[in-house]
Amino acid sequence: MLKDNVQMPLHRRFKSGTEWEPIGFFSDALCEAKTFDLMLGFFSSSAINVLSDSFATFIYNGGKMRMIINDILSKEDKATFMVGESDVDLPTFDLSDIKTIKRTLSERDKHFFDCLAYLIRNDRVEIKIITPKDNCGISHTKAGIFSDNASRIAFEGSCNFSKTALVDNIESFTITCDWDGPTSEANINEIAKDFEQTFSGKNDTVRYEDVKDIKTNILSSFPDKSIQRLLKEEYDLLKNRQKTYLTPTIKKVLKRAKDKVASIIYKQTGDISVMLSDDVPSFPYTSGPRDYQKLAFEKWKDNGQRGLFAMATGTGKTITALNCLLEIYIRKGYYKAVILVPTITLVNQWEEECRKFSFQNITKVFSKNTDWKDEVGRLCMDEKYNIDSNSSYIIIATYASFSRRKTFDMLNSLDRRRVLLIADECHNMGSETMLKLLKEVRYGRRIGLSATPERQFDDRGNRMLRKFFGAEDGYTYEYSMEEAIKNGVLCKYKYYPHLIRLTPTEMSEYIDLSERIAKYFNFEKECFDKTDEILKKFLLKRKRIIHKAYNKLGVFKQIISERFAEKGNLKYSLVYVPEGNKPDYIEGEDDFDIADSIGDDEDADHLINVYTKAVSDLDETITVKRFVSGQKDRDEVLEDFANGRIQVLTSMKCLDEGVDVPRSELAIFCSSTGNPRQFIQRRGRVLRTHKDKKLAILHDLVVAPEVIPCTDSYRMEQSLLRGELKRVSNFARLSENPSQSEIELHDVMNYYASNLNYNNQDND
C-alpha cells in the first residue's frame, strides 16, 4: 500500500543529495502502485532514469500507465531552455528516431524501454504526445499521480534545465498525499483535472501528435521479454549499481528496491539463491512456448529423446529445439548440447538465440576461431575425471569443422548420455563425409531440424538420416507450411510464376551441354550415378546459362515497374538475384565442400550489381542495398529495411542463412534451380508474420528450356523438370491464386507432357 510502504518526510519534499532522494520516492511508489499517470516536460534520460529501478516491479504488480510527453525536439525549443548555458547539449530523446536513441542508452535506460515495450505489447500503457499551438508555450513540469486503488500520491516539480541539473542531476519536487487532509486531496484533484483535460484531447493550447509509429518503433527495437526476465534484469541492475560509488542515501534506497525485487523472485521460485544466479535459463518470451512447440517436445521425449522435426521455415525451429534443451535443464538441473549448422552466420545466430534463453558457457567451433580447442579440452577433462558432472555448456559448430577427424574425436568424447545433439538443416548430415561418421556418433539425445529434411535423389542418405534420428516410421514431429498459414503463424501469399525463354544463342549452347550431360544421367533412378570433375564442369556451365538468361532482366524490370506504379514505392521488397555455382540437384556430394571444388563464380558480383542498378534506375526515390556475405553493417541494414528507410534488398544466398526479415512483403526469385529446398526456405522467410502485413507477394522466374523431343537430353530435361514443377505445384497449391501458375506454365507443361499436381502433399 502507498500509505504504509512509501517512505517520506513530514515536509513531503524530495531533493537530490539529501536523505530524501527523488529516486527513493519513485522506487517505493512504483513498487506499490497499480496505476501511474505521468506528464513529462520532455522525454530524456534525465527524466526517466528515476523510473528504471522499480519499473519491472510495477509491471509485476499489474500496473497500468498513462503518459503525456511534450514534444520539445527542435533546436529553437532547446535554445529557449538553454539560455546562458550554450555549452551544454539538452539530452532530449527524439522518439521518432528510436534507432539513434538506442545507440546512446545506458543499461538502465534500456531497461526502462524494455519495460515500456512490455506495457505496449500488453495494452497496459497509453501515450499522448503534444506540442504547443501558436507559440503559446507549454508546461515544463514533471508531474504525476500514483494510485493503489485505495490511496493516491501526487508529485509536481519544475524540471531544472540548468547546466548543474543536467550534469549533476539535481532536482526537487513536493508530493501530496490524499490522506493528509482536504487541502491535499483538493491539490491532487487539481493535478488530476489538468492531466485528464490534456489526456482526453480537450486542451486547446496543444496539438496532438500521432503516437502509432513511435509505439511501433519501440516494439521493433526492444525485444519481447517475459516479466521474469525483466525482474531478473532489474535485480542485476540494482545489484551492480550498489558496487559503484554512490552516496549512502542512494545506496540505502537501492538496497531497499533490490530487496523488494528479490522477494518477488523468491515468491515465484521458492529458491532465491538459484533464481538470482547469473546463468538461470528461462523461456525468452512472455507468451511461453507455442502449443505446437510443446507438442514437439512431448513427441521427442516419448520417442526416446530422438527425433526429426520437419517444420516449415518461419515457424520457430530454433526455439523449438532450444525449448527441448530448456526442459532438460528444468528436469535435470543441467544443459549440455552440441549444435551443428551449415554456416558461420548460423553459428552466430544460434549463439544469439541461446543467450536469449540465458544459456551460458557457449563455445563456437569453426575455422576462423582458434580458441575453441582449449575451451572444449577443459570440458573433456572435467567430464573424464567427473569434476563436475552437472556442469552446463553449449558447443556450436559448423558441419565442415565437426566432420574433421580431430575435431570430431574431441567433441564426440563428451558425455554421451547427457549431451543433446541438435542438427540444424539436418539434410547436410546426409553428405558422404557425414554419413561415414554417423555410426560413430555417441550422443544419445538427438534432434534433426529442417524445413525440407528429404535429400533430393538420395534415398540411401534419407534412410540413414531417418534411422539416426529415430524416425524410420515418419517424422517425429511435423508442422507444415499449410498448417502454419492456417493457424496464422505464417501469413497468406499470392504466387506468380513467370516463364523465361532462352535466346537462340543461349538455347544452342544449352542443348550442346545437355547432350553431353545426358550421358551421365541414370534414367531409371532419375539421377546422376557419379559426379566427376568433367560432369561438374558441364553442370556449372549449363547452370550459368540458366542463371544469366538474358530475358530474366526484362521480366524483372516489368515486375518492379508494375509494383512501383501500384504502390508508389518498393518498400519491404527482397530480390534473390542469380547466384552461386553449386549444382543444386547433386546432393550426394558433400554439401559444404562442393562449392570449393567448383570455384568462385566470377559473374556473381556483376549479376547482383546489374539487378541492384535496375532497381535504383526505376525511380530516384527508391533506396536499394546489396546484402552480401561478410557485410559488417548487416544488422543496421536489416533494421533500416524493417523501418522502410531501405526499400529493397538484393541478395544472392545471404538471405537464406536464417536472417529474420518479417517485414518483407514482396519477394522476387530470379534464381532457377531444380532443387525445391532453396525456394521453400525463401518462401518461408518472406511469409513471417508482421502486424502491418496481411499478404505477401511472390514472383518466381522459371526457366524451362524446350529441348528437341525424342532425344536423351529431352528425356533428361523431362525428368529434371518434374522437380521444378513439383516446386511450382507446392508453391501454387498453398497460395491464394493457384490457377495463375497453371495458366502461366501451360505451354511448357504440354511440351514436356507434364502437369501441375495440386494434390502434392510434400512437406515444406
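A residue counts as buried when its relative accessible area is under 20% and as exposed when that area is over 50%, with partly exposed in between (1.4 Å probe, protein chains only). Asn 462, at 5% relative accessibility, is therefore buried. What you have here is a predicted model, where local features need pLDDT of at least 70, side-chain atom pairs count only at pLDDT 80 or more, and totals for chains, interfaces and linings use all residues. Residues are numbered from 1 along each chain as its sequence is written, and side-chain values use heavy atoms, with hydrogens and water left out.

**The sheet**
- Seven strands line up in an open, parallel sheet, in the order β11-β12-β10-β13-β14-β9-β15; strands are DSSP runs of E with at least two residues, helices are runs of H or I with at least four, and both are numbered from the N terminus.
- β11 and β15 (477-479) sit at the edges with a single partner strand each, so one side of each has no neighbour in the sheet.
- β13 (residues 420-423) pairs with β14 (residues 445-450) in the parallel sense over four bridges; pairing takes at least two DSSP bridges between two strands.
- Ala 423 has Gly 448 in β14 as its bridge partner.

**Around Asn 462**
- Asn 462 belongs to helix α21 (residues 459-468).
- Setting aside neighbours within four places in sequence, Asn 462 is in contact (heavy atoms within 4.5 Å) with Pro 453, Glu 454 and Arg 455.

**Two loop residues with positive phi**
- Most residues other than glycine have a negative phi.
- Asp 123 has a positive phi of about 50°, and its place is the loop between α7 (107-121) and β4 (125-132).
- Ser 358 has a positive phi near 65° and lies in the loop between α16 (344-356) and β11 (362-365).
- Asp 123 is exposed at 67% relative accessible area, whereas Ser 358 is buried at 17%.
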